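The sequence and structure come first, followed by the discussion.

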Amino acid sequence: MNAINQSGWKPEMGNAGETAPATFTGNKALMLEEALIFEIGTAATTGVDLADAPKVAARLGNLERHRDIGLPGLSEPETVRHYTRLSRQNYAIDLGFFPLGSCTMKHNPRLNEKVARMAGFADVHPLQPVETVQGALAVINELAMWLIQLTGMHGVAMTPKAGAHGELCGILCIKAALAARGDPRCVILVPESAHGTNPASAAFAGFSVENIPATSEGRVDLAALTARLGPDVAGVMITNPNTCGLLERDMKAISDAVHAAGGYVYCDGANFNAIVGRVRPGDLGIDAMHINLHKTFSTPHGGGGPGSGPVVLSEALSPYGPLPYTARNADGHYTLIEEETAQEYHPHSFGRMTAFHGQMGMFTRALSYIMSHGADGLRQVAEDAVLNANYILRSLEDVLEAPFAHSGPCMHEALFSDNGLADGFSTLDIAKGLIDEGYHPMTVYFPLVVHGAMLVEPTETESKATLDQFIGALRSVAERAKAGDPSLKSAPHHAPRRRLDETQAARKPVLVWREPEQLVAAE
Amino acid sequence: MRYLPLTPSDRHAMLGIIGAKSIDDLFVDVPAQARLDGPIRGLPNHASEMAVERHFSTLARKNMTASQHPFFLGAGAYKHHVPASVDHITQRGEFLTAYTPYQPEIAQGTLQMLFEFQTQVARLFGCDVANASMYDGSTACWEAIGMAGRITKRTKAVLSSGLHPHYVSVAKTMARYTGDTLDTALPDLSAKTDSVRLLDAIDGETSCVVVQYPDILGRIEDLSAIAAKAHEHGALLIAVVTEPVALGAIKAPGDMGADIVVGEGQSLGVGLQFGGPYVGLFACKEKFVRQMPGRLCGETVDAQGKRGFVLTLSTREQHIRREKATSNICTNSGLCALAFSVHLTLLGEKGLRGLAQLNHALAVQAADRLTQIAGVELVNDSFFNEFTLKLPKEARPVVRALADHEILGGVSLGRLYPGTDALSKGLVVAVTEVVTSEDVETFAVALQEILA
């Protein structure tokens, strides 16, 4: 007799053929549904223990808040569980392959997180006397020096808070440089394949934006661009490598033509990761280029920021860069150049773009990444990123149309279109099919110059085995789309949610939670 | 190189499949004169994790940290205790290493969090709706001015003299390029704000009035009269909150008639971080929602009728509207929004009110102690956790002298308004729950000695 199994429990495999009924909770084992904090928390609950406030006569100007704020609280265990459950409904690089083109979803090293959290950087105030923040200023300065060396440029503006903020910074430098010479140029030329932020940034600064066409090989049409140059053109904004995944091989000629016509060259550096260590933008005649630290230099994307967008500047534009900036004195001491001393050191600055010194927490992470790789490693980063993208391009061009496959090697990303799928099937179906296969889809419907664009950016931090499995999966999904498999139209089947109704969300926006009784009362 | 998984044999095999002889074949499009033939000279090569960490430790030690010293700085960035679970949650890879939720079926975690964040911000500010965050308070403030211009089709913005001078600088930079005119003034070192100036300046050309609450000197003022006058003339009231913890104690700007309320959310969850990344808060009345900048998360249902969340109203945004977008913003401050939201969830209504009361009471006690020093006067009649002292001499060297005593003793108005003699004796002092009574005593003793 088995002494430890007297209750009748027997290991049993059950009948694997049965279909599962809906569960009572709506949960599916490890896939756990989670209500909103407003549905599970209460105003009387708190997860923080506070000292009692000493009794004093309030000096709040008779403006005490009496009405309920409506903020639910949770205890600490409930809080940790709530957000842990939410986190498990997210796809992330830590979980799997995330080939989102132009977004550069590479591994985020944890050393970077560790150094960013050192109290000496995380726990210092932006307005402390400069004598008490010499180490923080040193980090900014060291990163600035790396960025200048890697790009072969003259200076760098460190304060922009994200890529689009960096674009604005570069555009304002151009605007200021033109103003300094009394030149009223008002047109910025932008290729059709540009990120939407480019025209938006130029328009914000008061420029009118004109599109320039691409050639059939997916590059800027040099002849069309040159023909449009003239005394009204302030400059061009060109993404290089471009959003079709190609290097603009005429970049130097474009720069020379723009300069000869009196304009400036802005480069969207979102794709710098493809060429870091192989090409210096300064050698291509660029006047300004933002660098997304969250792309090339691996600071985490955090579900949509924070980013960081330092802008490297040519000698012509450096005098106009924003305040504040750090400077290193001959004695090794760091100073901050702010409005106070700008007249003396930086008199032509276009001014301040943000309250403080930029994204310090991103600077520490990016510098940690750059030092880890070093000059040799960064070159290898570009090479592996480009190798991985070409491997994907050449492994799939027989099953998916690759409109620019004939244009030579791609850079860090491979572009496909949805031409050749069965009637009624499109890029969206392929993307949703990939979700069921356990991948984050590629960038879809961008760039706009290709029908049903699919932009695949593997990055250098993926192994060959990962790429091989992805290639197999995308091939399988593409074949289903070409065969018109109806189950693909309803994908994803296995994600926490099926396809979501975006039309309804936009038609009657519900942007905040309201108590059910409030909703009833409102109707 | 520990972050690169490809092996030499992988690279060789892959080049073979691609049909390239060497990696250089893939870079043929680089013009010959711009090709680098090897690693950039003069830069160090790769380094071990230990070596990198050692370098940062050395630099970190050169900074005087807030938690290891009596600490009284504010003026737009505040030191609060952040519960340990906040950082634990923001370090979860599923939040940390996710992207903007473009594929909602596999991003419900981020989207639901943003929906909760938007609701928390709207309620805290007394507004109908809020967006999914901006870069920081200063850029949110400028975006609000731009939005008011779009709504009113006017270009004159009247800025309170109590608005953070760096926020004013940012607005000035941007206004120079958009054609907006800004009516600005310097603050007086007095208990009275410039609300009379604001009321006088509002006219039929005014797009908005911008008032910080509490203001740069810590003063708190009822915004109702300014809101009424603005609305009478078809202008909007924008309130700017740089210390959201204050709204656990004082009325929400939205409840006093503000049309747009923006703020810096750094106080909750994010930490000081030498100025960034922070998180811009942006809320407004529902009728203005289609003029808002930035990402918005909205509720909807999936194909099976289950509740879910998506990014919505993207026709306002740059990736659809390009040069006609309401803003060029793309990335926001998602992870900092998460930190803010987790901290506020841990606090809840009860905790936020308790925290606000504690901050105010400690600030009142500190103000009473510091004004016992001969020649030191309190400028404010009203304040929350931050007040301005008028010292008998210039405050900026005093702050430096306090640092020599290992005390981080506030922000001098000389730092914020360099060259303005009338403000040079002002010292802005913030007192939060992290300040102990011993800290206040240490500060008071040192200040007395320095002033003597």
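## Interface between the chains

In this predicted model, 176 residues of chain A are in contact with 170 residues of chain B; a contact requires that the C-beta atoms of two residues, placed from the backbone, lie within 7 Å. Helix α11 of chain A, residues 360–396, contributes the most to the side of chain A that touches chain B, namely 22 residues. Helices here are DSSP runs of H or I with at least four residues, strands are runs of E with at least two, and both are numbered from the N terminus.

By class, the side of chain A that touches chain B comprises 86 nonpolar, 54 polar and 36 charged residues. In this scheme Ala, Val, Leu, Ile, Met, Phe, Trp, Tyr, Cys and Pro count as nonpolar, Asp, Glu, Lys and Arg as charged, and the others, Gly among them, as polar.

## Conventions of the model

Residues are numbered from 1 along each chain as its sequence is written, while chains are lettered from A and ligands numbered from 1 in the order in which they are written. As the model is predicted, local features need pLDDT of at least 70 and side-chain atom pairs count only at pLDDT 80 or more, whereas totals for chains, interfaces and linings use all residues.

## Overall architecture

Chain A contains 15 helices and twelve strands, and its C-alpha trace spans about 90 × 75 × 60 Å along the principal axes. Of its 523 residues, 58% count as buried. The burial classes rest on the number of other C-beta atoms, placed from the backbone, within 10 Å of a residue's own: 20 or more for buried, 12 or fewer for exposed, and partly exposed in between. Among contacts in chain A with a separation of 6 or more, 73% are between residues 24 or more positions apart.

Chain B has 14 helices and 13 strands, and its C-alpha atoms fill a box of roughly 80 × 50 × 50 Å along the principal axes. Buried residues make up 63% of the 452 residues in chain B. Of the contacts in chain B between residues at least 6 apart in sequence, 74% join residues at least 24 apart.

## Domains of chain A

Chain A is divided into domain 1 (112–367) and domain 2 (375–498), with bounds taken from an automatic or database domain assignment. Their C-alpha centres lie 30 Å apart. The contact between them takes 19 residues from domain 1 and 21 residues from domain 2. On the domain 1 side, these residues divide into nine nonpolar, seven polar and three charged.

## Strand β4 of chain A and its partners

Strand β4 of chain A (residues 233–239) is mostly covered, seven of its seven residues being buried. Strand β2 of chain A (residues 187–191) pairs with β4(A) in the parallel sense over three bridges, where pairing requires that DSSP find at least two bridges between two strands. Within this pair, V236(A) is the bridge partner of L189(A).

Strand β5 of chain A (residues 264–268) runs parallel to β4(A) and is joined to β4(A) by five bridges; here V236(A) stands opposite V265(A). Together with helix α9 of chain A (residues 251–260), β4(A) and β5(A) make a right-handed β-α-β unit. Right-handed means that, with the strands pointing away from the viewer, the path from the first strand over the helix to the second runs clockwise.

## Local features

Leaving aside neighbours within four places in sequence, E339(A) is in contact with L323(A), S169(B) and P418(B).

The peptide bond from A491(A) to P492(A) is cis, with omega near 5°, and P492(A) is placed in the loop between α13 (464–483) and α14 (502–507) of chain A. In chain B, the bond from Y213(B) to P214(B) is also cis, with omega near -15°. T459(A), a residue other than glycine, has a positive phi near 70°; T459(A) is buried, with 26 other C-beta atoms within 10 Å.
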